[in-house]
Amino acid sequence: MPTFSSPAMPRYVPLPLARALPLLAVALLAACRPAPTPPLGPEEQAAREFANVLPRDAPAARTTRTFELTAAPVTLPLLDGRSLAVWAYNGTVPGPTLRVRRGERLRVEFRNALPQPTTVHWHGVRLPNAMDGVPGVTQAPVPPGGTFVYEFVPKDAGTFWFHPHVRGSEQVERGLHGVLVVEDERPLPFDQDLVWVLDDWRLDASGAIDPAFNTRHDLAHDGRWGRDVTVNGRSDTRLFARPGARLRVRILNAANGRVFRLDLGGLPAQLLAVDGTYASRPISADGFELAPGNRVDLDVTIPANAGARSYAIGDRFVPRAPNALATVEVTSEPARPTPRFEVPRPRVPRWAGGLALPIRQTYRLDARVGGPFGIEWMFNGEAFRHEDASGHEHPTATLPLGAWSRLRFVNDSSRLHPIHLHGMFFRVIGRDGAFVDEPFLRDTALVHARETVDLAVVPLDEGRWMMHCHVLEHAEAGMMTLLDVVPPGQSPPAHRH
Ligand code: C2O
Ligand code: CU
């Protein structure tokens, strides 16, 4: 019968190892002792606050959802129903809403049937840098008649959108934009889940899309603002809902320059998500400023006793010139109980001490006379151009991967600049030096006239990412730059010149 009281060291252990073992044991003991770890610096603590806020990696995808996407000129009934010659994805404006579920791979077989080169950029989506659709940086532009396959597994569920990144001020304005919905692994049981794309149109005397793009007037102001405001391409959008219904309304501002300030006309609605990801606590959606590029997801409950009334949804960004957007019509169906369920409330770091930490890079926003359109918009005195290798396409900041960075934007101009970062979410932590506590992340933040905005970011995806003003005329006239995200201690890849 075997006994277990044998000597601790079996006999077949070779002698040198036998001698080494006690030393190894001592070493291991030392390693296990509560080591005097150096205290975390404030920036490391700030980065740690971001741990697990967003998934670092894409989920392992079992299925692939394939879409064909073609950009082409087409004539459509838009606005009040009149026909309008536009450029469209798959023949509709807005383009198709592509829906995938988190954990699925998205494959988009894109074909360019436009008379201009183009690309497709996936606004707000954290994806591999090569799929980001930035001409001359992540891919060559797709020529007329050309094709390109975009394929990636979205890391985050939420409301995103896609649009060209070549001559955006013209191509997006002509109608090229669509929504990408990445549903949760288990979608929330709303009665309706729908998309509202806000846009505006400037028509010429003949009623066609005014072909004068990037005018001096637009550049000297907040880009191209059109008189005709639409929701899903129509000025007569109505949404029907029964009493007691609970709706998820995903709203995108696809306008070139116009900012919308939501007026929900008394409709009970909370902000569920901003720029894709969920808010950490419920806040009212009334008065939210939706700058170009921004999305909000509303959690709307139609009161059970609403009767057959309607709610007028509007925009009050310019108080003296409000716009009607859409109406929500409560049907005369009998009320059914409102679906009750918990919505995700992820942790969003507060970074309460963030304004005391060092600034990684300051960007001063301003314009000067010059450039191809007569006025150039600049970050720190430099105007960027996608198309001609003007020598300015070098990154203007390097952000260490997984580390906390603070960026500051000082608006030296009297215009609006919605600043958009590709490939990462950030939190606005300061406006004019005062701490801001928005309970959500963003990918686009409006910098008002003469304002200073501080944002904090922990980028989780390596690559060369664009940062630009989402007033597309400002971007076209130079207000773009590149940020490199590299592993800490590594230097960015060689600059292209
Ligand atoms: Cu909607 Cu470069 O962005
Ligand atoms: Cu701008």
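1. P94 sits in the loop that runs from β2 (82-89) to β3 (98-101); helices (H or I, at least four residues) and strands (E, at least two) are DSSP runs numbered from the N terminus. The peptide bond between V93 and P94 is cis, with omega about -5°. The model is predicted: local features need pLDDT of at least 70 and side-chain atom pairs count only at pLDDT 80 or more, while totals for chains, interfaces and linings use all residues. Residues are numbered from 1 along each chain as its sequence is written, and chains are lettered from A and ligands numbered from 1 in the order in which they are written.

2. Two non-glycine residues with positive phi deserve a look. R167, in the loop between β7 (158-163) and α3 (168-171), has phi near 45°. R167 counts as buried because 22 C-beta neighbours lie inside 10 Å; the cut-offs are 20 or more other C-beta atoms within 10 Å for buried, 12 or fewer for exposed, and partly exposed in between, with C-beta atoms placed from the backbone. W351 has phi near 50° and belongs to the loop between β19 (323-330) and β20 (361-369). W351 is also buried, as 23 other C-beta atoms lie within 10 Å.

3. The chain has five helices and 30 strands. Its division is into domain 1 (53-187), domain 2 (188-341) and domain 3 (354-486), with bounds from an automatic or database domain assignment.

4. The largest nonpolar core holds 123 residues, of which L180, L198 and L298 touch the most other members. Such a core is a set of buried Ala, Val, Leu, Ile, Met, Phe, Trp, Tyr and Cys residues joined through C-beta atoms within 7 Å. Leaving out residues up to four places away in sequence, L198 touches, among others, V231, I251, F260 and L325. Over the chain, 43% of the 497 residues count as buried.

5. Mean pLDDT (the predictor's confidence in each residue, from 0 to 100) is 92, and 91% of the residues score at least 70. Residues 1-15 stay under 50, and the model gives them two contacts beyond four places in sequence. Where pLDDT is low, the predicted coordinates should not be read in detail.

Conventions. Contact = placed C-beta atoms within 7 Å.
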